[in-house]
Amino acid sequence: MTDTPLKLGFIGLGIMGAPLCGHLIAAGHQLYVHTRGRVAPQIAESSATQCTTARGVAERADIIFLMLPDTPDVEKVLFGADGVAQGLKGSVGKVVVDMSSISPVATKDFAARIEAVGAQYLDAPVSGGELGAKNATLSIMVGGPEAVFDRIRPLFERLGKNITLVGGNGDGQTAKVANQIIVALNIEAVAEALLFAARAGADPARVRQALLGGFASSKILEVHAERMIQRRFEPGFRIGLHQKDLNLALSSARTLGVPLPNTAMAQELFNACVAHGGQGWDHSAMVRALEKMANFEIGQASPT
C-alpha cells in the first residue's frame, strides 16, 4: 500500500492496459476505469470503479492513464462526445498520461488541446510487451514537462523499470517509433538466421542457445526466437499494431527526408503475413512470410 492513495483513471483495458491498471490497484490507489470491450475479471472483481464514459473517468480521477490502439482512438477518447477533455473542464492540476503508441505529431497537438482546458499532458509509450506489462518491467519513454514527469514518476515506477524523460511532448512517441524500427528489424534478422540454420540441417533450438551467449544475443533472440521454434504465435503484440507503428515511422521519415529501407522491407513482410490472415498473429510470426518464400518451416526436418 502507498502512504498517499491517489484517485487514478485508466482508459483502455486490453492486453497491456489491464495488467498496468492492476499494478496501480495493487499499490493502493482508487481506480476509475473505462474500456471499449469486456473488463478483465481481475479488474472487474477489484476495488476499481467502472465508468460508462471517458468523461466520467476524467471527472473523478486526478491522473488519467490511456492505453489505446492507435492515434484515432486516442483522439476520440480525448476529444469526442463524452471524452476526457469534457471531464477536465473547470479542473485544476489534473494530468493526462497517454501510454498508447501513436503519432508524435498528433501527440503535440493533443497536448496543446489538453493544456487549453487547464490540465497537463505526458506521452509515455512503453516497450516490453505483454510480459513486461504483467511483470511491471516495461521501458517507459516519456515526453512532457519535467515537473509533471517528476510528479508522475512514482506511478511509472509501479509499471516499469527503465523510465526516461526523453524531452518535450511528442519526444516519447518519437522514441517509441525508433524502438519499433529496431524491434522489427531484429525480428527479421532472427527469423532469417533461424530459417537459414534449420534449412541447413542444424537444430534451431540449439543454434538459439549457442547465440544467446555471444554478440548476437538480444531480447528478441531470447523470447521471440523461442516462439518461432515452438510455433507459438498467439499475440503478445499483434502484427497489426506493429504495422501501425511502422506506418508512423515511414510516414514521418518521408516528411523528414530520411531513408528507412530496411524498415520498409520489414513492413512488406508484415504485409505478407496479413495477406495470409495474420493480422492478429504475434509479430514474431514475421518468420512465416520468410518461410513461405523459402517453402520451408523452421520446425520441419530439412530434406537430405
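A polar contact is taken here as a pair of N or O atoms within 3.5 Å, where, within protein, one atom must be able to donate a hydrogen and the other to accept it, and where residues adjacent in sequence count only if both atoms are side-chain atoms. The model is predicted, so that local features need pLDDT of at least 70 and side-chain atom pairs count only at pLDDT 80 or more, while totals for chains, interfaces and linings use all residues. Residues are numbered from 1 along each chain as its sequence is written, and side-chain values use heavy atoms, with hydrogens and water left out.

With that definition in hand, the side chain of Ser-100 makes a polar contact with the side chain of Asp-98 at 2.6 Å. Ser-100 lies in the loop between β5 (95-98) and α6 (104-116), where helices (H or I, at least four residues) and strands (E, at least two) are DSSP runs numbered from the N terminus. Ser-100 has a relative accessible area of 0% and is therefore buried, the classes being buried under 20% relative accessible area, exposed over 50% and partly exposed in between, with a 1.4 Å probe and protein chains only. When its neighbours within four places in sequence are set aside, Ser-100 is in contact with Leu-66, Met-67, Leu-68, Val-74, Pro-125 and Gln-173, contact meaning heavy atoms within 4.5 Å.

Charged side chains come next. Side chains of opposite charge can pair when their charged atoms come close. A salt bridge requires a side-chain nitrogen of Lys or Arg within 4 Å of a carboxyl oxygen of Asp or Glu, and a search of the whole structure finds 14 of them. In one of these, Arg-55 pairs with Asp-82, the closest N and O atoms being 3.9 Å apart; this pair links distant parts of the chain, since Arg-55 sits in helix α3 (residues 54-60) and Asp-82 in the loop between α4 (71-79) and α5 (84-88), 27 residues apart. Arg-55 is partly exposed at 30% relative accessible area, and Asp-82 counts as partly exposed at 36%. Arg-55, Glu-59 and Asp-82 are linked in a network of salt bridges.

Other pairs lie within one helix. Lys-134 forms a salt bridge with Glu-130 at 3.1 Å between the closest N and O atoms, and because the two are four residues apart in helix α7 (residues 129-135), they are separated by about one helical turn. In helix α11 (residues 219-230), Glu-222 and Lys-219 are three residues apart, and so likewise separated by about one helical turn; their side chains meet in a salt bridge of 3.8 Å, N to O. Glu-222 is partly exposed at 38%, whereas Lys-219 is exposed at 57%.

Helix α11 also packs against helix α10 (residues 204-211) at an angle of about 175°, with their axes 10 Å apart; axes are lines fitted to C-alpha atoms, for helices over the stretch in contact, and angles run from 0 to 180 degrees between N-to-C directions. That angle makes α10 roughly antiparallel to α11, as angles under 35 degrees count as roughly parallel, over 145 as roughly antiparallel, 65 to 115 as roughly perpendicular and the rest as oblique. Pro-204, Ala-205, Arg-208 and Leu-211 of α10 meet Leu-221, Glu-222, Ala-225, Glu-226 and Ile-229 of α11.
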